[in-house]
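Please look over the structure shown here.

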Amino acid sequence: MLEKERDLVGAFMRGQLSRRDLVRGLGALGVSAASANALIGMATSRALAADFDWKKHAGTGVKLLLNKHPYADAMIANLESFKALTGMEVTYDVFPEDVYFDKVTAALASGSSEYDAFMTGAYMTWTYGPAGWITDLNEWINDPAKTAPNYAWEDMLPGLRASTAWNGVPGGALGSADAKQWCLPWGYEMNNLTYNRDMLAKAGVAVPTNMGELTEAAAKLTKDIDGAYGVGVRGSRSWATIHPGFLSAYANFGQKDLNVSADGKLSAAMNTSESKAFHAQWVKMIQESGPKDWSTYTWYQVGTDLGAGASAMIFDADILGYFMNGGDNAMAGKLGYAPFAANPAAAAPTPNVWIWSLAMATASQKKDAAWYFLQWATGAEHGLFGASKMDFVNPVRQSVWSDEGFRARLENSYPGYVNQHDVSAPGAKIYFTAQPLFFDLTTEWAASLQQMVAGQVPVDEGLDKLAASVDRQLKEAGLG
Amino acid sequence: MTAADIAAPRRRFRIGARALPYLLSLPALLVCIAILIPFGTAIYYSLQRFRLSQPWARQMNWGENYLNLFTDPAFWNTVQVSLTYAALTVGLELCLGLGIALLLQKRTRLNNFVSIMLLLPLMTAPALAALMWKLMTNPNFGVLSWLASLMGFPDFRWASSPDTALLTVVLVDIWVYTPFIMILLLAGLRSLPTQPFEAAALDGVPRSFVFWRITLPMLTPYILTASLFRLLDSIQQFDIIYAMTQGGPGDTLLVFQVEAYLNFFQSTNVGRSAALMIILWAITYVLSSIFIKNWLRLRERARGEA
């Protein structure tokens, strides 16, 4: 490496130069973009290796269980740098999301040591953790002999760190002092508005800023835009219908899923008068301006309708809007993003989050080696690589969000995305009560919502029935 | 070759006459064991409070899972939906299968060709058929939605409405499985003795009379066999319903298998899931017993008449 190039890379490593400026500087010195990336990779590997024995597990192989996802793609694209850094081998199985969690459950429940680490959502760890299938990662995070000094755990967004840590006590607060770190945040989604700028302009509709405005705007868009409906939200009979836009808005009105009594007993909290009012508004919005076959809608249909121009807005994962604004989607380049506080009286949005995370199997025979992979995959370097070069959004580290190059890339191609993130991130966390019946109760909640939207049951009665059923199930499980 | 080699003939492995029956039945015995062990395990689990996410709470609760199910209105909804689905699919498929079989009864090249072509849906995995129908019933671009709008139903919601969800999945089931009934009944029709029909033709007996008094009674054993096969399959329906609606909207299509699947894989509630499976086994056992008893009675009657 010539002296000027070395100086530039050195400045980048000391944090005096952004990645974009470095690549530009290297370009000015006649270094191609590909070579510049290779130089950066080598330099960062050296920097990572400087104060830590990354080669300790050289020759060891770890096996991963992955969901087919852009986060996994970004990791696989950068895997060679991990292998070069550690001398370790990494193999993996990738499954589509439809069957992924069944595979994880089967692998973990069988006690198989085949997979050392795997992708998971934070909600799933409420089952895996108490079952003893996954390991508390605090043991590694807090061990300087096993964790590189520049891992910077505190750099992870605080809401995400807390949301992936639970003490295992039903109703226990996430991120409490005695919480176990069941998984490491890897990439995450907040739930906000993504809208079709052309459609809103054509209908003369301003970007809604609260639930009332959203309902009105969606109705007007349904009426005025030919071939499109107003707002896309999920509706399938699944827990996944409750956690995105629905719970984000619900939490914004100060409502919660369960009450936790002083003696730790849980009871249903979704049949308060405020909750009933919110549900009524949500149901009305879907009936007036949602997709016709809403009750079959998963994230996939919500996203593809927006990308195809069949819907004018979605209140769902921000990264769904991100992906629909690119590729060969008909509406690519026409989407805008906005933070959304459903409650007009709320100071800020309260997006409930989905966090793709990495966890370690208790049955793994190579935990220390697996930890090397986990800390690399969730480290700032890989995070920046994925966010800058691949579609590894949303990154979970503050340092990546502070990177000028990454922000500029988003600003240029995804108008409003950075702002919606910055405004919403402080309130982004899991708003559910952590407890082992999470999937039972939220699936039933979704089923009740379907009945309300279909007019099978009035909202008030539906919520009272739901609350009674929830209480019965909690009692049966010894939690209520 | 030495003299010793010639003197010692090769010893042949011989199985004693006593051991032979056991050896021959060994594969069947192994299969039985492979069925009985999970069955016994399922009964054992069904008597436990056993949720993977609460290992500390695992204990025998001796039938509490069953009691909880029997006092849960959602369970009775599951029973009702499963039985309705099974009755509708088997009944309609039987009528349609019989109708098609009667149309194709005569052995002609065209009929043989059509009967083979009609087997196509059986070659399609039910889950794939469900996805295909899901696309065809999509309100934006589905061909069936378009046809419904031409027929004056522009807002027909298919599987997404509780009013029409059952109809939609039954239609998919009919599309996939009617050929199965058709082929069994066609084989039955073509194997019926010709004399009674020839005698009826000579006497000028009306065709409807021939159908009700000769064809149908003689075909009844085949109808019962086909119904039994389909009933056992239909009451365990999972893939079509799960792929189309996951049991929704609401609890409209929450049949046994979907409920048990969700209980195990999503809720990790092994005890409740096992109890549901055991109850489904009991229902299936009772229904098959009724069918087999009737089938045997018919056979006895046929022998008696002969």
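A77(A) is partly exposed because 14 other C-beta atoms lie within 10 Å; a residue is buried with 20 or more such atoms within 10 Å of its own C-beta, exposed with 12 or fewer, and partly exposed in between, with C-beta atoms placed from the backbone. This is a predicted model, in which local features need pLDDT of at least 70 and side-chain atom pairs count only at pLDDT 80 or more, while totals for chains, interfaces and linings use all residues. Residues are numbered from 1 along each chain as its sequence is written, and chains are lettered from A and ligands numbered from 1 in the order in which they are written.

A77(A) belongs to helix α4 (residues 70-77) of chain A; helices are DSSP runs of H or I with at least four residues, numbered from the N terminus. From A77(A) to Y195(A) the separation is 118 residues in sequence and 31 Å in space, C-alpha to C-alpha.

Between the chains, 29 residues of chain A are in contact with 26 residues of chain B, contact being C-beta atoms, placed from the backbone, within 7 Å. On the side of chain B that touches chain A, helix α12 (residues 256-266) of chain B gives the most, with three residues.

The largest nonpolar core contains 196 residues, and A117(A) and F373(A) have the most contacts inside it. Such a core is a set of buried Ala, Val, Leu, Ile, Met, Phe, Trp, Tyr and Cys residues joined through C-beta atoms within 7 Å. Helix α8 (residues 165-191) of chain B gives the most to this core, with 10 residues. Leaving out residues up to four places away in sequence, F373(A) touches V62(A), F82(A), V90(A) and A117(A).

Key:
Helices (H or I, at least four residues) and strands (E, at least two) are DSSP runs, numbered from the N terminus. Two residues are in contact if their C-beta atoms, placed from the backbone, lie within 7 Å.
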